[in-house]
Structures are given as C-alpha cells and as structure tokens.
Amino acid sequence: MVLFILKGYAKNLHRPEASIVERYIAKETIEFCSEYIEKAKPIGLPKSRHDERTRVKGSRGLDVITPSVEDLQQAHLYVLNNSNEVFPYILCHEGLVKESNPKISKNRVLKEHNKTFLDWFKDTIFAEDNAYEMLRKLVDRPKRNVITWQGYDINKYSFYTKAQDEKSTMQNSGVTLRARSQHFASVHDDNPRVASIPYFGFIEEIWELNYVKFIVCVFKCKWVDNNTSV
C-alpha cells in the first residue's frame with residue numbers, strides 16, 4: 001500500500017526517485033504547517049481579556065460587611081422570587097393571603113404576601129418530609145456577614161461597582177434589566193396590568209449571599225426613574 005502511494009508521487013518518469021522525494025517532502029511540510037497554524041495565535045487580532053473568565057467569582061475589592069436586617073431580608077426575598085423551585089410556594093401563599101382577606105385589593109395582597117412569606121415558607125418547608133435539600137438551605141436564610149466585591153466576573157463578563165468605575169478607564173457598572181411584573185395605578189387599583197418594562201441604572205454594591213451549600217451573587221443597584229428619567 002505504501003509503495004502504491006509513493007509510486008503515485010512519480011510525475012517525472014526520467015527521475016522517479018527525485019520526483020517521489022520532492023513531492024513527499026512537500027506533503028509533509030504542508031501537514032506540519034497545517035497542524036502548527038491550528039495551535040498558533042492569530043497575528044494582529046486582539047484577544048478578549050474576558051475569554052478565560054468563565055467562572056463566577058469576585059475579581060477585586062474583597063470586603064466583609066454586616067448589612068441591616070431589612071436589607072438582608074430584601075436580598076433574600078429577591079433570591080426566593082427568582083427561584084423556579086420556590087415559585088409554586090409563592091403562588092400558594094398569595095392564594096392563602098387572598099382567602100384570608102377576601103375584601104382587600106390585589107395591591108394589599110401583594111404587600112401582605114411580601115411581609116409574611118418568609119416565615120410561612122420556612123414553616124412549610126420544615127413541615128415537608130420530602131422537600132428538596134436546596135429549599136431547606138434557602139429557608140435558613142443567608143449568613144449574617146456578607147462578602148462584598150468591587151468587581152465580579154460572570155460568564156466572560158466583568159461587572160464593577162460605581163465606586164470601582166471611578167478608578168478605572170473601562171466603565172462596567174451600567175446595567176439594564178427588562179422586568180415583567182404587575183403594575184398598579186393606585187393603592188386602590190384591583191386590576192393590575194402585567195407589563196414588561198426596561199430598567200436602567202448602575203451597580204452600587206455586589207454581594208455574595210452564603211447559604212452554606214451554595215453562594216448566590218446579587219447586585220444592589222440604583223435605577224433610573226422611568227417616569228422622571230432621574
């Protein structure tokens with residue numbers, strides 16, 4: 001088989017050996033160059049400094065704070081409201097609040113739900129024998145001391161706080177979010193409108209909420225008022 005391939009290299013029948021050697025060297029050279037080029041870095045094309053930042057981790061400005069109970073509770077409630085595993089419990093609790101207070105508006109129902117959900121959720125999960133382990137860790141609430149960062153890397157993106165941006169040439173504190181939620185015209189409005197509204201703002205603080213078995217990163221942001229643009 002090898003001889004057959006080598007004979008195929010002979011294009012000059014007057015000098016077959018030289019012809020075979022020349023073509024064989026050309027073939028080997030091309031294969032070597034092809035393998036080398038695959039591993040080589042492109043010349044003149046800048047490589048993104050975020051390509052290797054695929055892990056979710058803090059990058060600069062490590063600190064530890066003890067936030068107020070209200071701020072920690074608000075951050076914890078935000079995590080619960082954005083967890084798919086918790087969503088059925090949220091709907092159940094809203095229904096119970098409505099049944100207990102049939103005459104109050106939906107706006108009042110939502111406020112009462114946010115006020116009493118954490119304690120109800122904890123009692124409900126502890127009463128279930130087959131509740132997920134993650135849910136049991138969520139009801140314990142995060143640790144009182146919170147690790148904060150001035151910079152954080154998430155899926156090849158770098159986020160900075162506003163304070164860190166003031167020290168840097170690259171601005172990475174701006175954020176945007178499209179939130180779908182219920183909107184009430186007034187406190188007496190009983191027919192809320194579900195709408196998707198974009199929000200724009202910047203990051204003030206970056207927190208790592210420690211639930212022992214896992215960590216959740218949350219951004220504390222200042223948002224532009226969509227009505228006054230302030």
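Colleague: Where do Phe117 and Phe121 lie?
Modeller: Both are in helix 5, four residues apart, about one turn of the helix. Bear in mind that this is a predicted model.

Colleague: Are those two buried or exposed?
Modeller: Phe117 and Phe121 are both buried. For Phe117 the relative accessibility is 0%, and buried means under 20%.

Colleague: And how are the rings of Phe117 and Phe121 arranged?
Modeller: Their centres are 5.3 Å apart and the planes are at 15 degrees, so the pair is stacked. Stacked applies to planes under 30 degrees apart.

Colleague: What about Phe117 and Trp120?
Modeller: That pair is tilted, with 6.0 Å centre to centre and 35 degrees between the planes. Phe117 and Trp120 also both lie in helix 5, which covers residues 106-127, and they are three residues apart.

Colleague: Which residues do ring pairs link into a cluster?
Modeller: Tyr89, Phe117, Trp120 and Phe121.

Colleague: How many aromatic pairs are there in the whole structure?
Modeller: A search finds seven.

Colleague: Switching to charges: what does Lys162 lie over?
Modeller: The face of Phe202, at 5.3 Å from the ring centre.

Colleague: Now the surface. Which residues make the nonpolar patch?
Modeller: Leu62, Val64 and Ile147 make a patch of about 270 Å².

Colleague: Where is Leu62 found, then?
Modeller: Leu62 is in the loop between strand 1 (57-60) and strand 2 (63-65).

Colleague: Why does Leu62 count as exposed?
Modeller: Because its relative accessible area is 57%, and exposed means over 50%.

Key:
Residues numbered from 1 in each chain as written. Predicted model: local features only at pLDDT ≥ 70, side-chain atom pairs only at ≥ 80, totals over all residues. Heavy atoms only, no water. Patch = residues over 30% accessible without salt bridge, like charges linked within 9 Å, V, L, I, M, F, W, Y side chains within 5 Å. Areas by Shrake-Rupley, 256 points an atom, 1.4 Å probe, with all protein chains shown as cover. Salt bridge = Lys/Arg side-chain N within 4 Å of Asp/Glu carboxyl O. Helix = DSSP H or I, 4+ residues; strand = E, 2+ residues; numbered from the N terminus. Buried < 20%, exposed > 50% of the residue type's maximum accessible area, 1.4 Å probe, protein only. Phe/Tyr/Trp six-rings, centres within 6.5 Å; stacked < 30°, edge-to-face > 60°. Lys NZ or Arg CZ within 6 Å of the ring centre and 35° of its normal.
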